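Dear colleague,

I am handing over a structure for you to look at, and below it you will find a careful account of what was found in it. Please keep the structure open while you read, and follow each part in turn.

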Amino acid sequence: MGTNGSTMLKPLRQGLPPLDPAAVSDAASCALPARFEAVREARRFTRCTLEQWDVGDRFDDICLVVSELVTNALRHAVPAAPRGGEAHPPVRLHLMRWTERLVCAVRDPSHESPAPRESDDFSAESGRGLFLVDSFADSWGWHPLAGTLDGKVVWALFRLHTAA
């Protein structure tokens, strides 16, 4: 019985990160326009936010994963021609910190589940995003949005090794 490459990268679970939202100590979010400069904006927003929070040695890991999640959302989840008069920006980045955990979550309008590109070429520039997320985050997952919000949220969780 052969296994295909996508089984290696199953997210921890489809669902919310295993943290109590009421216990969050810091939270920040920003709306991102449907254009590729948004990745740079997301990186800048993440760096500024993390500089105010104590994330210890995870700073670079978190910045890298945010870049990948936002790039994936823009590349795969946002329609090429956004509908006029969009009430909500198509992509939104959320950063949430607990005492020893940090979650970055990216909301997008697509219902497609995030899936790694089937490729054996690990030097390829495109298609590595979820491999990087899987490598640098402690866990990740996704869930469809409920209610009036369309789309899904893809999240990545980091354990923080902060000084007591």
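In this predicted model, the axes of helix α1 (residues 37-52) and helix α2 (residues 59-77) come within 9 Å of each other and cross at roughly 150 degrees. Axes here are lines fitted to C-alpha atoms, for helices over the stretch in contact, and the angles run from 0 to 180 degrees between N-to-C directions. Helices (H or I, at least four residues) and strands (E, at least two) are DSSP runs, numbered from the N terminus. The crossing angle makes α1 roughly antiparallel to α2, where angles under 35 degrees count as roughly parallel, over 145 as roughly antiparallel, 65 to 115 as roughly perpendicular and the rest as oblique. The crossing of α1 and α2 is right-handed, a term used if the near helix is turned clockwise from the far one by less than a right angle, with left-handed used if it is turned anticlockwise.

On the α1 side, A38, V39, A42, R43, T46, R47, L50 and E51 are in contact (heavy atoms within 4.5 Å) with F59, I62, C63, V66, S67, V70, T71 and L74 of α2. Sorted by class, this contact has 10 nonpolar, three polar and three charged residues; Ala, Val, Leu, Ile, Met, Phe, Trp, Tyr, Cys and Pro count as nonpolar, Asp, Glu, Lys and Arg as charged, and the others, Gly among them, as polar.

Turning to the second pair, the axes of α2 and helix α3 (residues 129-136) also come within 9 Å and cross at roughly 150 degrees, so that α2 and α3 are roughly antiparallel to each other. This crossing of α2 and α3 is left-handed. D61, L64, V65, E68, L69 and N72 of α2 make the contact with G129, L130, L132, V133 and F136 of α3, and by class it has seven nonpolar, two polar and two charged residues.

As for α2 itself, 15 of its 19 residues are buried, where buried means under 20% relative accessible area, exposed over 50% and partly exposed in between (1.4 Å probe, protein chains only). Its 19 residues should span 27 Å at 1.5 Å a residue, and because the end C-alpha atoms are 26 Å apart, the two values agree; the expected span is 1.5 Å times one less than the number of residues.

Leaving aside residues up to four places away in sequence, N72 touches A77, G129 and L130. In α3, the buried residues are G129, L130, F131, L132 and V133, and what covers them includes α2, β4 (139-144) and β5 (152-159).

By contrast, P21, in the segment before β1 (26-32), is exposed, with a relative accessible area of 64%. The C-alpha atoms of P21 and R97 are separated by 9.9 Å, although these residues lie 76 residues apart along the chain.

For the chain as a whole, there are three helices and five strands, running β-α-α-β-β-α-β-β from the N terminus on. Buried residues make up 42% of its 164 residues.

Residues are numbered from 1 along each chain as its sequence is written, and side-chain values use heavy atoms, with hydrogens and water left out. Because the model is predicted, local features need pLDDT of at least 70 and side-chain atom pairs count only at pLDDT 80 or more, while totals for chains, interfaces and linings use all residues.

With best wishes
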